[in-house]
Amino acid sequence: MAVVGAGFMGRVHAEAARRAGAAVVAAVASTPGGADHAAETVGAERGYPDLASLLAEAGADVVHVCTPNVRHAEAVEAALAAGAHVVCEKPLAVGAAQAEGLVDAAVAAGLVAAVPFVYRFHPMVRELRARLASGQAGVVSTVSGGYLQDWLSRPGDDDWRVDPAVGGPSRAFADIGSHWCDLFEFVTGDRIDRLSAQTATVQPRTRSSATPTEDAAVVQFTTGSGVLGTLVVSQVAAGRKNRLHLEVSGTESSFAFDQEDPERLWVGRREGNQVLLRDPETLSAAAAKYARLPAGHAQGYQDCFDAFVADTYRAVLGEDQPDGLPTFADGLRAARITDAVLASAASAGAWTSVGGADDRTGVGR
């Protein structure tokens with residue numbers, strides 16, 4: 001595999017690739033003089049000054065795109081044209097129209113094209129999905145939750161993501177709200193149909209003279225089956241480092257998952273509540289498959305990423321079509337939800353349709 005982008009996410013991708021048995025043969029630098037540094041940072045065999053030379057010389061079977069958001073499309077298109085399978089960080093693109101073009105390119109190329117919505121790979125998320133699919137919740141009426149971080153909570157905090165010229169028109173929602181929406185739709189099998197959104201920019205930013213992207217968003221939504229939902233997204237919530245939490249409320253059972261406490265799944269019932277612990281001896285088969293360690297040996301974020309990459313490579317090798325592998329179709333879905341959030345917020349919270357009934361078909365063999 002080869003890594004395009006040598007920041008934090010590039011290092012995570014490369015480590016997951018090694019754990020899946022792949023050779024990290026190449027990395028591309030953001031500047032011509034940074035090739036050696038890029039290779040050293042991600043542990044690649046060689047660094048390249050640009051993507052074109054990497055694609056021409058490195059012989060990578062899979063290219064992992066971990067660049068700033070506005071460069072995703074060009075990197076993905078080049079990799080697919082060179083015959084490489086692609087893993088592209090989310091957001092897949094800076095808008096639904098661009099994401100749809102990447103879906104079409106992946107379908108035309110007949111290549112595996114995946115997006116790392118990795119929270120799907122927590123064993124207790126798979127357990128939640130299995131229990132909802134078996135009807136244990138009864139009638140699901142509401143869902144609530146959020147994704148809260150604090151890394152941009154102070155005036156001096158800055159990053160390329162805050163600049164719309166580099167990160168795209170949405171920051172907090174595209175970056176982390178998309179994860180929450182993907183997780184909700186994945187575990188329930190239901191889809192967000194209409195939404196009303198408000199966004200806020202709390203701190204001034206110095207990186208760009210353009211209008212900075214949102215620090216926070218609040219979204220109300222209804223689903224295709226009539227479930228009512230609320231979602232709070234923030235990157236300025238002091239004390240919250242990476243808290244994705246989801247609660248699904250049903251007439252027979254309710255379930256809650258917190259990504260900062262991923263070894264547990266809360267189950268609520270009128271007769272009494274319980275907390276399920278990650279234990280491969282007691283989980284459903286779908287969840288136990290991703291329990292890589294015995295009970296009491298904590299699994300976390302990197303384990304999720306490792307499982308995602310391992311499943312992707314099984315698809316690349318034609319060994320399997322893993323259940324729940326997030327593909328470019330899911331990246332397109334997230335882009336459509338993000339576009340609807342921005343459109344609603346720009347219209348004073350007007351209810352807005354998400355659309356895109358066909359965006360899960362035909363991608364990621």
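Reader: Where does Arg171 lie, and is Arg171 buried or exposed?
Author: Bear in mind that this is a predicted model. Arg171 is found in the loop between α7 (164-167) and α8. Buried means under 20% relative accessible area. Arg171 has 1%, so the residue counts as buried.

Reader: Which residues does Arg171 touch, leaving out those up to four places away in sequence?
Author: Leaving out those sequence neighbours, Arg171 has contacts with Leu152, Arg161 and Val162, among others.

Reader: Let's go to the open space. How much of it lies in the largest pocket, and which residues are nearest its centre?
Author: The largest pocket holds about 880 Å³ of space. Its lining is made of 44 residues. Nearest the centre are Gly7, Phe8, Met9, Trp160 and Arg161.

Reader: Which elements give two or more residues to that lining, and how do the lining residues divide by class?
Author: The elements giving two or more residues to the lining of the largest pocket are α1 (8-19), α2 (35-42), α8 (172-188) and α10 (301-316). As for class, the lining of the largest pocket has 19 nonpolar, 17 polar and 8 charged residues.

Reader: What lines the largest cavity, and which element supplies the largest share?
Author: There are 17 lining residues, and Pro91, Ala93, Val94, Ala174 and Thr338 lie nearest the centre of the largest cavity. By class the lining of the largest cavity has 9 nonpolar, 7 polar and 1 charged. Both α8 and α11 (328-346) supply at least two residues. The largest share, 6 residues, comes from α11.

Reader: Then what about the second largest cavity: how much space, and how do its lining residues divide by class?
Author: The second largest cavity has about 40 Å³ of space. Its lining has 10 residues, with Cys181, Asp182, Asp330, Arg333 and Ala334 nearest the centre. The elements that give two or more residues here are α8 and α11. By class, the lining of the second largest cavity comes out as 4 nonpolar, 1 polar and 5 charged.

Reader: Pro91 came up by the largest cavity. Where is Pro91 found, and what kind of peptide bond joins Lys90 and Pro91?
Author: Pro91 sits in the loop between β5 (85-88) and α5 (96-109). Most peptide bonds are trans. Between Lys90 and Pro91, omega is about -5°, and the bond is cis.

Reader: What is phi of Ala348 near, and is Ala348 buried or exposed?
Author: Ala348 is in the loop between α11 and β15 (352-353). Most residues other than glycine have a negative phi. Ala348 has a positive phi, near 60°. Exposed means over 50% relative accessible area, and at 76% Ala348 is exposed.

Reader: On to helix packing. Why are α5 and α11 roughly antiparallel?
Author: The axes of α5 and α11 cross at roughly 170° and come within 9 Å. Angles over 145 degrees count as roughly antiparallel. So α5 and α11 are roughly antiparallel.

Reader: Which residues meet where α5 contacts α11?
Author: By class, the contact of α5 with α11 has 9 nonpolar, no polar and 3 charged residues. From α5 come Ala96, Ala99, Glu100, Leu102, Val103 and Ala106. In α11 they meet Phe328, Ala329, Leu332, Ala335, Arg336 and Asp339.

Reader: What angle do α6 and α8 pack at, and what does that make α6 relative to α8?
Author: Helix α6 (residues 123-133) packs against α8 at an angle of about 45°, the axes being 8 Å apart. That makes α6 oblique to α8.

Reader: Last one: where is Val70, and is Val70 buried, exposed or partly exposed?
Author: Val70 is in the loop between β4 (62-65) and α4 (72-81). Its contacts, beyond residues up to four places away in sequence, include Val94 and Pro164. With a relative accessible area of 33%, Val70 is partly exposed.

Key
Residues numbered from 1 in each chain as written. Predicted model: local features only at pLDDT ≥ 70, side-chain atom pairs only at ≥ 80, totals over all residues. Heavy atoms only, no water. 1 Å grid on protein atoms, 1.4 Å probe; cavity = no way out; pocket = protein on both sides within 12 Å on 5 of 7 lines; lining within 4 Å. Points joined across faces, edges and corners; volume = space filled by probe spheres on them. Helix = DSSP H or I, 4+ residues; strand = E, 2+ residues; numbered from the N terminus. Nonpolar A, V, L, I, M, F, W, Y, C, P; charged D, E, K, R; others polar. Axes fitted to C-alpha atoms, helices over the stretch in contact; angles between N-to-C directions. Parallel < 35°, antiparallel > 145°, perpendicular 65-115°, else oblique. Buried < 20%, exposed > 50% of the residue type's maximum accessible area, 1.4 Å probe, protein only. Contact = heavy atoms within 4.5 Å.
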